[in-house]
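Biologist: I would like to go through this structure with you. Shall we begin once it is on the screen?

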Amino acid sequence: MSRHIFRCSGYKIHFPDAWTEKIASKILAPTIFLIITVVAGPINADLQISGYYKNFSTGLASPLPDEPIIGAVNNRLRLNFAYAPTDPLSFDLSYDFAPRIQDPSLFSEPPIAGAAGSLHYRAVDFDATIYPDEEDPDGSFGLFQNLDRASIAYGANFGDITIGRQAIAWGSARVVNPTDVIAPYAYNQLDTEDRIGVDAIRVQIPIGVLGEFDTGYVFGENFVFEKSAFFLRSQLNAVETDFAISLLGFRDHLMTGFDIARGIGGAGFWLEAAYVYADAFDGENGEAENYLRASIGLDYSFGGVSYGFIEYHFSGAGAGEPEDYLANLDRPAYTDGAVYLMGKHYFVPGLTFQITPLISLSGVVLSNIADPSLFPSLQIEYNFAQDIYLSAGGFIGIGKRPETEDEETQFRSEFGGYPTLFFLSFRLYF
């Protein structure tokens, strides 16, 4: 059997056949040089290496009748490198490698999951799909990669400057964050530990003890302005309350938002809202509808054993009647603004209970109170060894099921049209 060699900076790596070489070339081209550069740095520099391995085994049941249950086994290996050659300068690099065995229909979804789908803000990127190629026949195995962090940070006297691929997220709401439209996760996303990295230049300037001025530019595909974003955000603390106001331009749209969080007695309170002027930067199209989104809620910790919260979310982008849900998905809120809930009014209670110091049980119920329909989730987690976790759970869509007529699907409730998802998870951190 023939062997193949990939060379990079004097290193030689052998691969047993042409198929492996094709895969390895796609992986190594974006990563080996960066990893070697980090590892081969000055011996006296501060280098930290960490990461994790995760496995999610899932089963998915369609809400439509006579559809089979489909399954998936998703693996994710993540390596994190933090390198500080001098005191004010640091580098961050994170790379994900994800082999998957799943139903072929699931490969039509974006390899990097999130509420925004394919609208990730990255100017340039490596091919996320290592295998299969586009011309290969449909199968049940795939290999994916994600260079999720690649940034340089400099601590200047006035503040911090970060350039490159990094995480950007805002909002105090627990379930739906109206001001967070860059790279949010959907409610039923299983792996939300690390926010999706975006390409940006960001400057964070501290104001007083707890205040901050945060501004930056987020690059879209090929640096095109219509696919990019910019933001100005200011945060301060007064009268024992955190206040934040924000201005965000994204994909021809303009968003203004505010966020308030404080304690009330022994409980926590938040109010987060955003108003989007659709197509504000598009001189040719001023017909898109503006919309308001807001979340308000309370949470409370019961003696350290359990934690509960309630949240109400209003989405002005949503439709008022189930029959309008699918047609409404063409609005800018869904195509550009990372909105994924299809209705207007939602009530969300949640509770986490610490059964033992190593076992926790949590549940959340996302409810569309106008349909009405429910999307409850339940998860139990066991920390059976240091840095090793096992968990199991599921999401169940409850409501009137969709109807199919003339090969067209018609929603009769939002969450009645959601698939039921069950999962087992294994996580190992190092």
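Biologist: Is Ile355 buried, partly exposed or exposed?

Modeller: Ile355 is partly exposed, at a relative accessible area of 42%. Here buried means under 20% relative accessible area and exposed over 50%, with partly exposed in between (1.4 Å probe, protein chains only). This is a predicted model, in which local features need pLDDT of at least 70 and side-chain atom pairs count only at pLDDT 80 or more, while totals for chains, interfaces and linings use all residues. Residues are numbered from 1 along each chain as its sequence is written, and side-chain values use heavy atoms, leaving out hydrogens and water.

Biologist: Where does Ile355 lie?

Modeller: Ile355 lies in strand 17. Strands (E, at least two residues) and helices (H or I, at least four) are DSSP runs numbered from the N terminus.

Biologist: Which residues form the nonpolar patch on the surface?

Modeller: The patch consists of Val305, Phe353, Ile355, Leu361, Leu378 and Ile380, with about 470 Å² of accessible area together. Strand 17 (345–356) and strand 19 (373–385) are the elements that give two or more residues to this patch. Patches take residues with over 30% relative accessible area and no salt bridge, joining nonpolar side chains (Val, Leu, Ile, Met, Phe, Trp, Tyr) within 5 Å and like charges within 9 Å. Areas come from the Shrake-Rupley method with a 1.4 Å probe, and for residues only the protein chains shown count as cover.

Biologist: What does Leu421 touch?

Modeller: Leu421, in strand 23 (residues 420–429), touches Thr58, Gly59, Leu60, Asn188, Leu190, Gly393, Gly394 and Phe395, not counting residues up to four places away in sequence. Contact means heavy atoms within 4.5 Å. Leu421 counts as buried, at 12% relative accessibility.

Biologist: And Thr58, buried or exposed?

Modeller: Thr58 counts as buried, at 17% relative accessibility. Thr58 sits in strand 3 (residues 46–61), and its contacts beyond four places in sequence include Ile70, Leu190 and Leu421.

Biologist: How many salt bridges does the structure hold?

Modeller: There are 19, each a side-chain nitrogen of Lys or Arg within 4 Å of a carboxyl oxygen of Asp or Glu. One of them joins Asp96 and Arg76 at 2.8 Å, N to O. Because Asp96 lies in strand 5 (residues 89–102) and Arg76 in strand 4 (residues 70–84), this pair ties together parts that are 20 residues apart in sequence. Both of these residues are buried.

Biologist: Which residue forms a salt bridge with Arg122?

Modeller: Its partner is Asp125, with the closest N and O atoms 2.9 Å apart. Arg122 is buried at 7% relative accessibility, whereas Asp125 is partly exposed at 39%.
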